[in-house]
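User: Can you take me through this one? I'd like to start with the surface and then get to the ligand.

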Amino acid sequence: MAIRMYDLIIKKRNGKSLTKEEIDYMVTSYVQGTIPDYQMSAFLMAVYFQGMTKEETATMTQAVAHSGDMVDLSSIHGMKVDKHSTGGVGDKTTLIVAPIVAACGVKVAKMSGRGLGHTGGTVDKLESIPGFQTTLTEEKFFEVVNKTGLSVIGQSGNLAPADKKLYALRDVTATVDSIPLIAVSIMSKKLAAGNDGIVLDVKTGSGAFMKTVEDSIELAKEMVSIGEHAGKKTVALITDMDIPLGKNIGNNLEVKEAVQTLKGQGPKDLTEVCLQLAGNMMYLAGKGSIEECIRLAKKTLEDGSALCKLVEMVGAQGGDSSVILDTEKFEKAPFSYDVLAKEDGYIHDMNTESCGIASVMLGAGRETKDSEIDYTAGIIIEKKTGDYVKKGERIAVFYASKEELFQDAEERYQSAIQIQPTEPAHIPLIYARVTKDKVERF
Ligand code: URA
């Protein structure tokens, strides 16, 4: 019997499961344009309310992954491990983790994304390095990985095209924050990217898509199950995004902070998350126990070998590696502005999404799809949740190319900061580790 989209919508609306044949038909027809957006919207909303079984989610992920190119990394020797963050503010971990892992002999062939909404993207950060190319031919991408041990590029145009179309539709139909749909979206791209192992950094808190730890663990379980189902070793860490990660938000400011961290002089929170992510990637590649891998990772910060890897990758991708060796050479924003505490007390809370939006307002992100990014713009945070501040004390410095941007961005930033007389409860940095067998809570 011919499959009809109308019947599939009714099936899902009534809480039933779709077969593989039905899911394959739906994804293929949607990409070909024979299923219209309004029917797909109705289906997505039905999923939002009814959910999907593990089998449906895994099947749909495969269908979306196979809607475009499946990258074949077999000409890169050895085990290749990917890392993916669900997105955050000040999250420059790829710039640190990829060189650490490569310095320990595990190949990293990574495709990254651009900033989305209030969150930054690795590709934009890398493009703040003069000359750095994020679009390479497949041959050149493989050559850079084989030569230097790592390469980070933008997603190729034909990677999971069904996700591109579905994501744009979800964005305007209030169906982004559905755990199975996020899992399908992220994991389809990871499966298409062709790595052998995947470490997922699932962010939780006010700056993340998932605002609670329990939802983040659910999402992590779903994604780990999809990865393992597809024969990839997959592990997820649930990490904090209730406070921006590190101190710098904004593209070349984040590259500078990544370099500091690779020299062993980075902020504690950022360094710790990076060591944990790198340790888990190396563990998946069979380099030893997690503890041994973290020890090896730390050593690459102490002996400078991870920083050397970043320098090599930047050079191999056409970038000016002298700015990595001396970050003072990075272009600086012409204007800066001190943000001062409005009262005495402890910073109790920072709405991290608003901190990200303030940075976008300064020019570090895109206000519209086609906006140009100002690579020098952003924020250096001097006081974070848990710090005591005096009225009039500097809590952050803003950077921008136009002075008139400061006022609105400051309003947004100040509204994100809650100052109270009592010390706030400690916020953990890493909440849990999710594998196919268990959830370890820390
Ligand atoms: N990132 C993605 O790639 N997809 C989602 O659905 C959410 C975050």
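Analyst: This is a predicted model. The chain has an accessible surface of about 18400 Å², and carbon and sulfur atoms account for 50% of that surface.

User: What share of the 442 residues is buried?

Analyst: Buried residues are 57% of the 442 in the chain.

User: And how does the radius of gyration of the chain fit a compact globule?

Analyst: The two agree, because a compact globule with 442 residues would have a radius of gyration near 22 Å and the chain has 22 Å. Along the principal axes, the C-alpha atoms fill a box of roughly 70 × 45 × 40 Å.

User: How many helices and strands are there?

Analyst: The chain has 17 helices and 14 strands.

User: OK, the ligand. Which residues are around it?

Analyst: Around the ligand are Tyr-167, Arg-170, Ile-182, Ser-185, Ile-186, Lys-189 and Phe-209. By type, the shell splits into four nonpolar residues, one polar and two charged.

User: Which side chains have a polar atom by an oxygen atom of the ligand?

Analyst: Arg-170 has a side-chain N or O atom 2.9 Å from a ligand oxygen. For Lys-189, a polar side-chain atom lies 2.5 Å from an oxygen atom of the ligand.

User: What about a nitrogen atom of the ligand?

Analyst: A ligand nitrogen is 2.6 Å from an N or O atom in the Ser-185 side chain.

User: How much of the ligand's accessible area does the protein cover?

Analyst: The protein covers 92% of the 240 Å² that the ligand has on its own.

User: Which elements give two or more residues to that shell?

Analyst: Helix 8 (161-172) and helix 9 (179-192) do. Helix 9 gives the most, with four residues.

Technical notes
Residues are numbered from 1 along each chain as its sequence is written. This is a predicted model: local features need pLDDT of at least 70, side-chain atom pairs count only at pLDDT 80 or more; totals for chains, interfaces and linings use all residues. Side-chain values use heavy atoms; hydrogens and water are left out. A residue is near a molecule or strand if one of its heavy atoms lies within 4 Å of it. A polar contact is a pair of N or O atoms within 3.5 Å; within protein, one must be able to donate a hydrogen and the other to accept it, and residues adjacent in sequence count only if both atoms are side-chain atoms. Accessible areas come from the Shrake-Rupley method with a 1.4 Å probe; for residues, only the protein chains shown count as cover. Ala, Val, Leu, Ile, Met, Phe, Trp, Tyr, Cys and Pro count as nonpolar, Asp, Glu, Lys and Arg as charged, and the others, Gly among them, as polar. The radius of gyration is taken over C-alpha atoms; the globule rule is 2.2 Å times the number of residues to the power 0.38. Buried means under 20% relative accessible area, exposed over 50%, partly exposed in between (1.4 Å probe, protein chains only).
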